[in-house]
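Hi everyone, thanks for coming. I'd like to walk you through one model today, so let me put it up on the screen.

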Amino acid sequence: MRSHVWAHDYEVAKLGKPVDRTEWGMTPQTYNAYYNPSNNEIVLPAAIFIIPGLADSLADDAIIYGYAGASTIGHELTHGFDDQGRQFDEKGNLRNWWNSNDEMEFNKRAKLIVKQFDEFKVLDSLTVNGEATQGENIADLGGVVLGYEAFKKTEQYKSGKLINGMTPDQRYFLGYALSWLGHMRDETLAMRIMTDVHAPNFLRINGPLANIPEFHKAFNIKEGDPMFRPDSLRVNIW
Ligand SMILES: [Zn+2]
């Protein structure tokens, strides 16, 4: 209770003073990251760059660009341009800076990702809330695309050499999948469907990847395969 009182007083003492743009909302050892629209900043604590269960020396470019580049750095950057972040200007003020054409186009494309996630069912009868998870799903998709663009600049990608029989592309997408590895009890999953702005972990992989042409190509995914998504339904926002 005393620490709550302290934290409350600490926040209240900020009123009327200039914003401290150097303050972080997380500690370096926090395994998380965030985008803060009112400061127009992304914060990437050191701990998020540790891959649980994998020594740094074993992580190569494909894994790092998929794991850290896509799911963390690219993801947080895209939050600045998701359905909420895009409403803030470069100084972090809630001010519309979009022209009406861009806005219309964005809303049209974002609707497709809402629809995609609305159609996902978990635990037989629960439906993901596409509207509530929209910002996170846009950030996931943008993150995979950004991470891939960055990975294309590496020697490993350019050489095209197989590692363990897998192409650089295949390993990049597997590296991304590694970032949402985890388990949850059914009861927790059911609760999260109602309360979490993130889709369940496995859909944060299957959802965005099914929209990506390079993913289809990398694993030779064809019509009838579980992760196949026709061109006309693939979401492409950023
Ligand atoms: Zn996020």
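Which helices do the buried residues of helix 6 pack against? Before I answer, two notes. This is a predicted model, where local features need pLDDT of at least 70 and side-chain atom pairs count only at pLDDT 80 or more, while totals for chains, interfaces and linings use all residues. Residues are numbered from 1 along each chain as its sequence is written.

Now, helix 6 covers residues 168-178, and its buried residues are P168, R171, Y172, F173, G175 and Y176. By buried I mean 20 or more other C-beta atoms within 10 Å of the residue's own, with C-beta atoms placed from the backbone. Helices here are DSSP runs of H or I, at least four residues, numbered from the N terminus. Those buried residues pack against helix 2 (61-79), helix 4 (134-151), helix 5 (155-159), helix 8 (201-209) and helix 9 (213-218).

Take Y172: leaving aside neighbours within four places in sequence, its contacts are A62, Y65, G66, Y148 and F151. A contact means C-beta atoms, placed from the backbone, within 7 Å.

Y172 and Y176 also turn up in the largest nonpolar core, a set of 33 residues, among those that touch the most other members, along with I113, L141, V144 and L209. Such a core joins buried Ala, Val, Leu, Ile, Met, Phe, Trp, Tyr and Cys residues through C-beta atoms within 7 Å. Helix 2 gives the most to this core, with 8 residues.

Over in helix 8, L209 is buried too, as are L203, R204, I205, G207 and P208. Their cover includes helix 3, helix 4, helix 6 and helix 9.

Notes
Buried ≥ 20, exposed ≤ 12 C-beta atoms within 10 Å, placed from the backbone. Helix = DSSP H or I, 4+ residues; strand = E, 2+ residues; numbered from the N terminus. Contact = placed C-beta atoms within 7 Å.
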